[in-house]
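Please keep the sequence and the coordinates open while reading.

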Amino acid sequence: MTTSVIPEPPESDEAPKKKRLVSPRPLARLLPRLKPYRGALSIATICLILSSAAGLAFPRVVQYLLDAAFVRGDRRVLDRIALGLFGLFAAQAVLNFVQVYFLSATGERVIAGLRKELFAHLVRLSPGFFADRQSGELTSRLGTDTALLQAVLSHQISELARQVLYLIGGIILLTQTHPQLTLTTLAVVPIVIGAAFIFGRMLRRASTGVQDRIAEATAAANEAFAQIRVVQSFTREAEEVRRYDEKLGEAVTAAVKRATIRGSFFGVITFVAFGAVVIVLWQGGRLVLSGELTAGALVGFLLYAFTIAASVGALASLFGNYQESVGAAKRVFELLETEPQVADPPNPAHLAAPVRGHLRFEDVSFRYSDGLPDVLREVSFEIAPGEVVALVGPSGAGKTTVASLIPRFWDVTSGRITLDGHDVRALGLTELRRSIGLVPQEPTLFSGTVRENIAYAAPGIGGDDATDAELRAASRAAHAHEFVERLPEGYDTRVGERGVKLSGGQRQRLAIARIFLKDPALVILDEATSSLDTESERLVEQAMETLLRGRSTLIIAHRLSTVRRADRVLVLEHGEIVEQGTHDQLIARDGLYAKLYRYGATNSEVSLLGE
């Protein structure tokens, strides 16, 4: 079982070396999202600068303190300097709190907005997009990758600015203290920068591998959870654990490789940076012994040297984080840039009210992608307003494809489909789909309450445009009100994920209640009774009889009782309509339909006309 991931473009060995520095362009795309928070960011920036200035002042104050104690022996000056340090640190603590609060709050809000935008974009993409990607991968992008970007906004940018200020300020103050020692201190900077470039590129590729492996493991887990009944019915729990463990093992292997690279990176940086401090300490000690430096000046110099070393190390670490964040930003914005295969037209037409539900297929051909054979070939038929048409045929004939083309889950390859005379591609998706009601063979409910699941068909946020009376009327029409009233909390009873707390017949009746509440002009019915017990089937049949009255209806039919309800029957084989007429006419013709009918009669109507 394979998983689909969004790969990083392969790095060619022939790529010019100047491209080793990863472009910050993906991260730069976050900047427009910061504009609404300019005030908070300005306050955080001011606090960051003042806090950094306080940090840079500390070594100079320590120099004065030590010289006052050991050179001049002035107790009062020593006391004042010590109290001044307490005040300095108190001010720095307040500044750090304000800066961290505003940056963290801004980062949370910006990334929440990005997650919302990404989710809103994904749910509007065509079903074909989701056919090529697993849901676990997409949830990983929503979670893991955006969390990396949140760290950038909430912490890493401010830390980068702080360390740059420490580095520049430390160098200036070091130079004022002793230029010769400053050159010794700065000699390690080129080494650190070189290590950052070498290890940074390795770290970026390793981090991408870790994130992709985690996405695959998450996808495997989501798939097992979604199909838990199948997993347990075949007693394949151990196999799913093994599969998840295999994916998790790959993620751990990639993470250990990343940890090795990161550990080597920090090891080199630590040795080089603090090795330079040892050399400075040795050289400075000789200057103190010769009387060229005071002990306080040497300690102050060493503190500045430590500040510079720590800044260089921190900047190197941030460079590694930068590499990871660029990869995350690239994947997130690639998803945001994905164009839906089916989209609203620039100037959509509008259906006249009330919608009549007059549907026409005109020489419709369709294939799922280039290189694959046509699933439908020049299919033409018409459903008049209020007419019930059944579509039958063997498995794989293309019945489900016909049903998917009407609400534009896919677009036709050639020909056209019209609703009330308008090409469906010329209509806005919202207006088109509000005119169509889908009743699937296996209805899926959401994990909320019965009320929320029925109200899902109503416009407005959370279905709040539907009154309680309308919800109950739809429920009664679908013969669902009786069993809902017997539930522990009635319409406020939670149904569990995918409606697992309800029977198949109860789920189907709630799905039909949705359609009653939606009140569409055209209903597409995928045989809703084929897997129900006799009592549930009777209730669902009664609900459908009421639902279809006066509505244009296309029934994907599997059973004889459904076919006999239709005004006309279309027989589909190998993507072409080979027969059409009433049930009696087709039986008399003794063609494919008659063969399917005889097969169904022999097999007690179980899967009479194919899945």
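Two strands count as paired if DSSP finds at least two bridges between them. Helices (H or I, at least four residues) and strands (E, at least two) are DSSP runs, numbered from the N terminus. With these terms, A390 stands opposite I555 in β8.

The model is predicted, so local features need pLDDT of at least 70 and side-chain atom pairs count only at pLDDT 80 or more, while totals for chains, interfaces and linings use all residues. Residues are numbered from 1 along each chain as its sequence is written, and side-chain values use heavy atoms, with hydrogens and water left out.

## Overall figures

The protein has 20 helices and ten strands. Of its 611 residues, 47% count as buried; buried means under 20% relative accessible area, exposed means over 50%, and partly exposed lies in between (1.4 Å probe, protein chains only). The accessible surface comes to about 30,300 Å², of which 59% belongs to carbon and sulfur atoms. These areas come from the Shrake-Rupley method with a 1.4 Å probe, and for residues only the protein chains shown count as cover. A contact means heavy atoms within 4.5 Å. Among contacts with a separation of 6 or more, 78% are between residues 24 or more positions apart.

## The parallel strands

Strand β8 (residues 552-556) has five of its five residues buried, so the rest of the structure largely encloses it. S552, L554 and I556 lie on one side of β8, T553 and I555 lie on the other, and all of them are buried. In a regular strand the side chains alternate between the two faces of the sheet.

β8 runs parallel to strand β3 (residues 388-392), to which four bridges join it. Strand β7 (residues 522-526) also pairs with β8 in the parallel sense, over five bridges. β3 in turn is joined to strand β9 (residues 568-573) by four bridges, again parallel.

Some bridge partners are listed below.

| Residue | Opposite residue | Strand of the opposite residue |
|---|---|---|
| V389 | L554 | β8 |
| L522 | S552 | β8 |
| L359 | L419 | β4 |

## The antiparallel sheet

A separate description applies to β1 and its partners. An open sheet of four strands has the order β2-β1-β4-β5, with antiparallel pairing. β2 (376-383) and β5 (422-423) stand at its edges with a single partner strand each, so one side of each has no neighbour in the sheet. Strand β1 (residues 359-366) and strand β4 (residues 414-419) run antiparallel and are joined by five bridges.

A nonpolar core is a set of buried Ala, Val, Leu, Ile, Met, Phe, Trp, Tyr and Cys residues joined through side-chain atoms within 4.5 Å. The largest such core has 43 residues, of which V450, I454, L510, I512, L547 and V569 touch the most other members. Helix α16 (residues 504-518) gives the most to this core, with six residues. A second, separate core of 30 residues includes L359, F381, A397 and L522.

Leaving out residues up to four places away in sequence, L510 touches L445, V450, I454, A480, F483, V484 and L502. α16 is mostly covered, with 13 of its 15 residues buried. The expected span of a helix is 1.5 Å times one less than its number of residues. For the 15 residues of α16 this gives 21 Å, and the end C-alpha atoms are 21 Å apart, which agrees.

Just after α16, D519 takes a positive phi of about 55 degrees. D363, in strand β1, is not a glycine but has a positive phi of about 50 degrees. At 47% relative accessibility, D363 counts as partly exposed. R408, in the loop between α11 (399-405) and β4, has a positive phi near 65 degrees. R408 counts as buried, at 3% relative accessibility.

A cis peptide bond joins A353 and P354, with omega about -5 degrees. P354 is found in the loop between α10 (295-337) and β1.

Where is R141 found? R141 is in helix α5 (residues 135-177), and at 0% relative accessibility it counts as buried. A polar contact of 3.3 Å joins the side chains of R141 and D145. Such a contact is a pair of N or O atoms within 3.5 Å; within protein, one must be able to donate a hydrogen and the other to accept it, and residues adjacent in sequence count only if both atoms are side-chain atoms.
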